[in-house]
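I opened this structure to take notes on its layout. My entries follow in the order I looked things up.

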Amino acid sequence: MKNYVRLIFSLLIATSSYAKTALYESIDISVSKHILSNGLTVLISEDHKAPIVAVNVMYKVGSRNEPVGYRGFAHLFEHLLYQGSENFNDDFFKATEQLGATDINGNTWFDRTNYFQTVPKNALDSILWLESDRMGHFEKSISQSRLDEQRNVVLNEMKQRENIPYQGILQSHLQESVYPVGHPYSWSPIGSKEDLERASIETVRQWFHDYYGPNNAIVTIVGDVDTKEALKKVTYYFGDIPASKKPYENKVWVAKRSEQKRDVAYDQVP
């Protein structure tokens, strides 16, 4: 009886796996890839089910790019870039709300920082203009007051996470324990309190200059668009932004381990 049940269970798993594989193989999402003369990568996928367009701008910069002294800069810029640019010197959310944007946010991780929003199709030009302005015309808009404000936001976010019982110390503790000192994944993307407090206008502007050029970014457009027309719009808004110096990237960073490591972490909880 046990063998019979085991056989039935195996058949169910196999059938389920086959069904999932068949489902995945039946999905055909057409994506066209283009690279502008300044190095910007553009991905466009037409989907005409609804009159909306999702726009995502991903910069290939995350916590792994941060040397000691700059830990948390990628996360800081996730916040700073919503403070306005040289030609739209106001809160980014004010503009996108008037355009009817939904699902709008930014996110920072080890390998990337991305900014995204979904808008009605007739707002595509406005979103592309706003995104291109903060890519090509943001550096001079960074003021001391904006830096101080967003630094405090990030530091407060850090405190909120640290105050979650057990979970608050888990991520940073695991990363420091698993990866060797100096490894680009050995600290949390949220950053270092000491490094963020030392951040100056000069170092922050240089960070933007080094990592937020078009040749280090990918613009993705998905929705009710015509591919040729969408590419023409991206070229119009982003094409004149000069490429920046290609950021340095580690080629090999395998965290080799030859021994077991055990650790104990203490937290102030009931």
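**Entry 1: a loop residue**

I began with Leu 36, which lies in the loop between strand 1 and strand 2. Strands (E, at least two residues) and helices (H or I, at least four) are DSSP runs numbered from the N terminus. The model is predicted, so I note that local features need pLDDT of at least 70 and side-chain atom pairs pLDDT 80 or more, while totals for chains, interfaces and linings use all residues. Residues are numbered from 1 along each chain as its sequence is written, and side-chain values use heavy atoms, leaving out hydrogens and water.

Is Leu 36 buried or exposed? Leu 36 counts as buried because its relative accessibility is 12%; buried means under 20% relative accessible area, exposed over 50%, and partly exposed in between, with a 1.4 Å probe and protein chains only.

I then listed what Leu 36 is in contact with, leaving aside neighbours within four places in sequence: Val 42, Leu 231, Val 234, Thr 235, Phe 238 and Gly 239. Contact means heavy atoms within 4.5 Å. Leu 36 and Asn 215 are 179 residues apart in sequence, and their C-alpha atoms are 8.8 Å apart in space.

I traced an open sheet of 6 strands with mixed pairing, in the order 1-2-6-3-5-4. Two strands pair if DSSP finds at least two bridges between them. Strand 1 (32–35) and strand 4 (102–108) are the edge strands, each pairing on one side only.

Helix 9 (residues 227–238) packs on this sheet and touches strand 1, strand 2 (41–46) and strand 6 (217–223). The direction of helix 9 makes about 150 degrees with that of strand 2; angles run from 0 to 180 degrees between N-to-C directions, and axes are lines fitted to C-alpha atoms, for helices over the stretch in contact.

How many bridges join strand 4 to strand 5? I found 5, and the two strands run antiparallel. A hairpin through 4 residues joins strand 4 to strand 5. Thr 102 stands opposite Thr 118, and Asn 107 has Asn 114 as its bridge partner.

**Entry 2: two helices**

I looked at helix 2 (residues 73–80) and helix 5 (residues 144–162), which pack at about 115 degrees with their axes 9 Å apart. Helix 2 contributes His 75, Leu 76, His 79 and Leu 80 to the contact; among the residues from helix 5 are Leu 147, Val 153 and Val 154.

Lastly, I checked Val 204, which touches Leu 76, Leu 80 and Leu 147, among others, not counting residues up to four places away in sequence.
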